[in-house]
Amino acid sequence: MPTPARAKARKGFTLIEILLVIVIIGILATIAIYKYSDSKDKAGFATIKSDLRNLVTVEESYFTDTRVYSTDQAALNYKTSKSVTVTITSLDPARGWSAVGVNSTILASANSCQIHYGADVGPGQVEGVATCP
């Protein structure tokens with residue numbers, strides 16, 4: 001008597017299984033890229049805030065020595081981080097100043113923070129505290 005034909009053992013994956021795995025990996029990669037981009041922007045804003053806080057320290061030290069504020073970063077001996085540009089936007093040598101920091105690595109449309117110290121502090125702003133979007 002002949003033996004019944006045995007079902008062939010399945011080897012490998014079906015096309016549906018492979019496509020399902022590819023879709024799942026794509027979804028996970030999209031989530032990871034979004035989270036990475038968000039944390040990179042947060043780190044960029046933290047760098048700007050740190051540089052602006054350093055500017056406050058340097059300006060106050062300079063003011064203590066000379067009794068005036070300065071826009072000359074070389075005279076202040078002030079250097080920013082690699083991707084940050086800080087510009088002193090207004091200055092009253094005896095009363096205060098304002099500055100804007102821009103980070104070129106931030107992908108968001110608003111990639112700058114500002115700080116006011118002394119005369120330029122407006123309503124809703126805290127003197128010496130960097131504000132970002």
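Me: What do buried, partly exposed and exposed stand for?

Reply: Buried means under 20% relative accessible area, exposed means over 50%, and partly exposed is in between, using a 1.4 Å probe and protein chains only. Here, Cys132 is partly exposed, at 24% relative accessibility, whereas Cys113 is buried at 1%. Keep in mind that this is a predicted model, where local features need pLDDT of at least 70, side-chain atom pairs count only at pLDDT 80 or more, and totals for chains, interfaces and linings use all residues. Residues are numbered from 1 along each chain as its sequence is written, and side-chain values use heavy atoms, leaving out hydrogens and water.

Me: How many disulfides are there?

Reply: A disulfide is a covalent bond between the sulfur atoms of two cysteines. The test used here is a pair of cysteine sulfur atoms within 2.5 Å. That gives 1 disulfide: the sulfur atoms of Cys113 and Cys132 are 1.8 Å apart. The torsion about their S-S bond is about 105°, so this disulfide is right-handed.

Me: Which side chain does the side chain of Ser98 contact?

Reply: A polar contact is a pair of N or O atoms within 3.5 Å; within protein, one must be able to donate a hydrogen and the other to accept it, and residues adjacent in sequence count only if both atoms are side-chain atoms. The side chain of Ser98 makes such a contact with the side chain of His116, at 2.7 Å. Ser98 itself is buried, with a relative accessible area of 3%.

Me: Is Leu20 buried or exposed?

Reply: Leu20 is exposed, with a relative accessible area of 53%.
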